[in-house]
Amino acid sequence: MSSETVQTALKGKWALITGASSGLGADFARDLAGRGANLILVARRADKMNELAAEIKAKHPGIEIDVIPLDLAVPDSPDNLYAQVKAAGREVEVLINNAGFGLYGMFMETDWARTEALLQLDIVALTHMTRVFAADMVTRRSGYILQVASIGAFQPSPTYAAYSAAKSYVLYFGEALNFELRPHHVKVTVLAPGVTKTAFLEVSGQKPTLYQRLVMMQSPTVVKIGIDAMLRGKTSIVPGVFNRLMAWSMRFVPRRLAAMLAYRSMTLG
Ligand SMILES: NC(=O)c1ccc[n+]([C@@H]2O[C@H](COP(=O)([O-])OP(=O)(O)OC[C@H]3O[C@@H](n4cnc5c(N)ncnc54)[C@H](OP(=O)(O)O)[C@@H]3O)[C@@H](O)[C@H]2O)c1
C-alpha cells in the first residue's frame, strides 16, 4: 500500500475502540478521528466517553460517534456488543483491543477477584472480541485489528506476574493471527508499549519507580506509532528506541535473570 493510500485508508470507516474512556484508548479515538474514521467507543464510564465524543465532534464535525457503556469483563459482553453494533448497521473495519488493567503486588498478596477480572478482560474478552469482529472482516476480505499488549510481555515480571503473563498471551495470540488472517486480507498487529503516561499505574496500585519515570512515553506518541504500524500490517511494534532495545535484548538474557531485572525496575526508587 502506498503511503498516500495508508493515510486515506480509514476515511468514513468505523473503528471500535475498547477502553476508550481514558489514556491510550481516548488517544486512539482522537487519532483515528483525525484520520477520518467514525468511532464506536466502549468502556464502563459513559460520562468520560461522552465528554470525549463532544471534544472530538467539536474538532471533527463530520465524524459519527457511538458511545456504548459496557463492562467487558462480563463473559457475554463481546456477543452483546456485536449484536448492538450490527443492529446499528455499523461495519467495523478497525478493532482496537485496548481495554485492560494491571495489578501490582506479589501474587500471593493480590486479591483473587481482581486477578480473575484481569484475566477475563486482558485475555478472554480480547480473544472473544477478536473472534466475533474478525469474522465479518474475513468475509469482507478487509479489516485491521490492533491488540494492545505490553513490553511486560517479553519477560516474566515479578510484582506484575499475572498481568505480564497475560500480555505474553496477547503478544503470541496476535502474532499468530497476523499469520493466519493475512491470506484473508485482515491485518492483525500487536502494540507492546513500555511505561506510558495514563491512569494505568494508579489503577494497578503502583507509584512510578525512578526507572518508570525516566522511560515514560506520552500516550499520543504511542498511539500514533501503533496505528501507523497497524495500517502497514506489521506483526508487532514496541514504541520507543529504548523500549525496543529492552524487548529485543531479553532474547539473550536467561529468564531467571530477566525476572530479577524486572523485579528491580518495578520496585527500586
Ligand atoms: N500505560 C502504560 O504504561 C501501559 C503500558 C503497556 C500496556 N498498557 C496497556 O494499554 C491499555 C490501555 O491502558 P491505559 O494505559 O490507557 O490505562 P487506563 O488509562 O487505565 O485505561 C484503561 C481503559 O480500560 C478500560 N477498562 C478497564 N476495565 C474495563 C472493563 N471491565 N470493561 C471495559 N473497559 C474497561 C477503562 O475504562 P473504564 O474504567 O471506564 O471501564 C479505560 O478506558 C491496557 O491494555 C494496558 O494494559 C499500558
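Reply: Let us begin with the ligand shell, which holds 14 nonpolar, 12 polar and 3 charged residues. Here Ala, Val, Leu, Ile, Met, Phe, Trp, Tyr, Cys and Pro count as nonpolar, Asp, Glu, Lys and Arg as charged, and the others, Gly among them, as polar. The model is predicted: local features need pLDDT of at least 70, side-chain atom pairs count only at pLDDT 80 or more, and totals for chains, interfaces and linings use all residues. Residues are numbered from 1 along each chain as its sequence is written.

Me: How many residues surround the ligand, and which are the closest?

Reply: A residue is near a molecule if its C-beta atom, placed from the backbone, lies within 6 Å of it. The ligand is surrounded by 29 residues, the closest being Gly-19, Gly-23, Arg-44, Gly-100 and Phe-200.

Me: Which helix gives the most to the shell?

Reply: Helices (H or I, at least four residues) and strands (E, at least two) are DSSP runs, numbered from the N terminus. With 3 residues, α2 gives the most to the shell around the ligand. Both α2 (23-34) and α7 (200-204) supply at least two residues each.

Me: What is the strand order in the open sheet?

Reply: Two strands pair if DSSP finds at least two bridges between them. The open sheet has 7 strands in the order β3-β2-β1-β4-β5-β6-β7, with parallel pairing. Its edge strands, β3 and β7 (236-237), each pair on one side only. Strands β1 (residues 14-18) and β4 (residues 92-97) run parallel, joined by 4 bridges; Ala-15 has Val-94 in β4 as its bridge partner.

Me: How many bridges pair β2 with β3?

Reply: Strand β2 (residues 38-43) pairs with strand β3 (residues 65-69) in the parallel sense over 5 bridges. Val-42 stands opposite Ile-68 in β3.
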